[in-house]
Amino acid sequence: KKSKKEKKSKKEKKSKKEKKEVGDEAVAVDSHAVDKSGVTLLLFYQYVEPIWSPQRHKEALKYIQAIGEENKVGGRMRCAREGLNCTVTGTYDGVRAWIAKLKEFDPVFMQTEFKLTDGLPDGQHFPALKAFPVDELVNYGLAGAKAPPISNTATHLEPSEYHAKMAEKDTVIIDVRNYYESSIGHFKPPVSGAELIDPKMRKSTEFPVWLDKPETKEKLKNKQVLMYCTGGVRCERASALLREKLKHEDKDLNVKGVYQLQGGIHKYLDEFKDDGGFWHGKNYTFDKRFAHGAKELEEKGAVATIASCEACKKPWDRFRGKRRCPTCGVPSLVCKECLDKDASGEKKLGRDIRCKLCVEEGITHKSQVKDRDERELREYEDKLRSQGGPSYAKKDKEAEVQEENEGGGYSGVDVEPAPNPTNETRLWVGNLNARTMTVDLLFEWIPNIKFAQYLTNPDGSCRGFCFLEMRTPEDAAYVKGMEGTKILGRPLKVNYQKADTKSSWPPPNAIYA
């Protein structure tokens with residue numbers, strides 16, 4: 001018989017062997033296991049080049065929703081052919097299991113920087129999960145041929161390297177976020193260091209226009225350029241656009257280098273959690289934290305409040321409630337006391353209570369912003385059209401002529417052309433699947449589109465209809481003949497659209513095939 005000592009030794013060896021086999025899973029049963037209580041927040045984005053095919057895109061959309069439901073995560077997931085941009089919450093294990101499954105779907109996610117925050121209050125969990133198709137991870141209006149290649153983004157600097165760069169002279173820093181975000185927090189570099197530039201945008205689609213303005217180019221001349229945003233995703237396309245313009249259009253600016261903050265403000269504040277480094281104020285977020293500062297400063301209650309209530313002017317930096325600026329539509333920065341008074345009727349918030357940017361620009365009516373933005377975008381698009389599209393995305397002219405002559409063909413569509421007695425080339429196309437339709441899928445299903453006015457909701461999803469300019473009247477007749485054909489489960493509706501002399505055509509937001 002074996003002694004008790006021998007049995008104990010054998011048992012210990014078996015235990016060690018089991019731990020070795022399960023590897024990291026052994027940590028889960030260790031007495032020093034991490035605290036898994038509370039909510040885990042995950043922020044990440046990943047661009048894909050070459051972009052996914054339309055079929056692979058549909059598979060990705062279905063897959064991320066399914067594994068999200070399987071692991072009980074909630075949040076918002078923007079899914080484009082160019083990749084993913086996600087903000088999700090769940091349990092400690094659930095979120096990590098979701099990440100593991102995502103890596104199985106495509107090896108590109110092995111290189112993704114997943115930003116995890118554990119131990120958040122239960123109230124910060126998103127109860128619902130929504131994965132939705134979009135044409136761009138960030139809506140810059142740079143879909144299709146307008147998209148500068150992500151392979152040409154800026155040099156990525158870790159927070160400590162970026163911090164050092166901000167102290168260098170002959171340097172400018174571009175805040176790529178919207179103005180209302182920067183109003184409650186932004187970088188404040190040393191006086192002898194970099195100059196902060198705020199484009200003062202209300203939405204990201206304004207960035208390409210701003211970057212093309214002479215006064216912007218003058219500020220970048222002979223400087224090194226730093227860019228930053230919340231988590232990094234907005235800098236990817238923005239920095240790629242700048243670098244492509246410097247390469248093809250604006251070589252004379254003599255920019256000394258373009259850099260972006262790896263991981264964004266979120267990662268910077270994790271690195272400088274004791275004093276916030278050069279960060280001033282709070283970081284606006286699109287999750288249920290709403291805003292945050294450096295961790296240790298928050299714990300001490302020492303985060304500076306640099307903004308004020310739009311109504312009573314007292315220090316305030318928390319965006320709450322559903323009120324928006326009555327003249328431009330951005331979120332209103334109004335304190336709880338003023339919101340309560342408005343709700344009770346004690347003191348209503350009138351149309352004179354506007355965002356700081358509208359006050360600064362003298363905007364008193366929403367048409368002023370709309371008309372100016374449309375005019376500037378139209379001028380920018382006219383410039384692009386006059387030079388044959390973005391300089392970095394021009395097609396080979398011979399190939400373009402051949403494409404015009406040959407057309408795309410209707411071999412995959414079993415239809416007969418409808419009568420087109422007035423030779424119209426403009427179409428209204430409706431009853432599109434608003435949940436799953438994207439402009440790429442539209443161009444795939446309907447051949448020989450010259451350009452589309454693809455109308456979207458604020459979240460980037462399809463509004464259910466669009467306007468098309470076809471290459472020839474014959475192409476328009478074939479698409480009219482497609483009426484009733486099911487696309488993504490919905491029967492297509494098509495009408496000829498007569499030219500309207502009062503409207504601009506091509507429209508400023510046209511997307512070319």
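1. Let me start with a loop residue. Asp122 sits in the loop that connects strand 4 and strand 5. Its relative accessible area is 61%, so Asp122 is exposed. Beyond its neighbours within four places in sequence, Asp122 is in contact with Gly38 and Val39. Asp122 and Ser37 are 85 residues apart along the chain, yet their C-alpha atoms are separated by 9.3 Å. Please keep in mind that this is a predicted model.

2. Now the overall picture. The protein has 513 residues, of which 49% count as buried, and its secondary structure consists of 16 helices and 21 strands. Taking contacts between residues at least 6 apart in sequence, 73% join residues at least 24 apart.

3. Strand 4 (residues 115–120) contains Leu116. Leu116 has 30% relative accessibility and therefore counts as partly exposed, since that class runs between 20% and 50%. Leaving out residues up to four places away in sequence, Leu116 touches Thr40, Leu41, Leu42, Val95, Arg96 and Ile99. Thr89 is 27 residues from Leu116 in sequence, with 9.5 Å between the two C-alpha atoms.

4. After the helix comes Lys72, with a positive phi near 55°.

5. Which residues of helix 2 are buried? They are Pro54, His57, Ala60, Leu61, Ile64, Gln65, Ile67 and Gly68. An α-helix has 3.6 residues a turn, so residues three or four places apart point the same way. The partners of these buried residues are strand 2 (74–80), strand 3 (83–90), helix 3 (92–105), strand 5 (129–133) and helix 15 (439–445).

6. Five strands form an open sheet in the order 20-15-17-16-21, with antiparallel pairing. Its edges are strand 20 (493–496) and strand 21 (511–512), each of which pairs on one side only. Strand 15 (residues 426–430) and strand 17 (residues 462–470) run antiparallel and are joined by five bridges. Across from Trp428 stands Phe467 of strand 17. Helix 16 (residues 473–481) lies across strand 15, strand 17 and strand 20, and it runs at about 145° to strand 20.

7. If you like ring geometry, there are 20 aromatic pairs in the structure. In one of them, Tyr140 and Phe207 have ring centres 5.9 Å apart and planes at 50°, so the pair is tilted. These two come from distant parts of the chain, 67 residues apart: Tyr140 from the loop between strand 5 and strand 6 (155–157), and Phe207 from helix 6 (residues 207–211). Tyr140 and Phe207 are both buried.

8. A second pair has another arrangement of planes. The ring centres of Tyr228 and Trp279 are 6.3 Å apart with planes at 85°, so this pair is edge-to-face. It too links distant parts of the chain, 51 residues apart, with Tyr228 in strand 10 (residues 224–228) and Trp279 in strand 12 (residues 279–281). Tyr228 has a relative accessible area of 0% and is buried; Trp279, at 8%, counts as buried as well.

9. Two charges over rings may interest you. The charged end of Arg96 sits over the ring of Tyr92, 3.6 Å from its centre. Lys130 lies over the face of Phe132, at 5.2 Å from the ring centre.

10. Finally, some backbone details. Most residues other than glycine have a negative phi, and most peptide bonds are trans. Glu49 and Pro50, however, are joined by a cis peptide bond with omega about 0°, and Pro50 is in the loop between strand 1 (39–47) and helix 2. Lys200 has a positive phi near 55°; it lies in the loop between strand 9 (195–197) and helix 6 and is partly exposed at 31% relative accessible area. Asn222 also has a positive phi, of about 60°. Asn222 is found in the loop between helix 7 (214–220) and strand 10, and its 39% relative accessibility makes it partly exposed.

How values were computed
Residues numbered from 1 in each chain as written. Predicted model: local features only at pLDDT ≥ 70, side-chain atom pairs only at ≥ 80, totals over all residues. Heavy atoms only, no water. Buried < 20%, exposed > 50% of the residue type's maximum accessible area, 1.4 Å probe, protein only. Helix = DSSP H or I, 4+ residues; strand = E, 2+ residues; numbered from the N terminus. Contact = heavy atoms within 4.5 Å. Pairing = 2+ DSSP bridges. Axes fitted to C-alpha atoms, helices over the stretch in contact; angles between N-to-C directions. Phe/Tyr/Trp six-rings, centres within 6.5 Å; stacked < 30°, edge-to-face > 60°. Lys NZ or Arg CZ within 6 Å of the ring centre and 35° of its normal.
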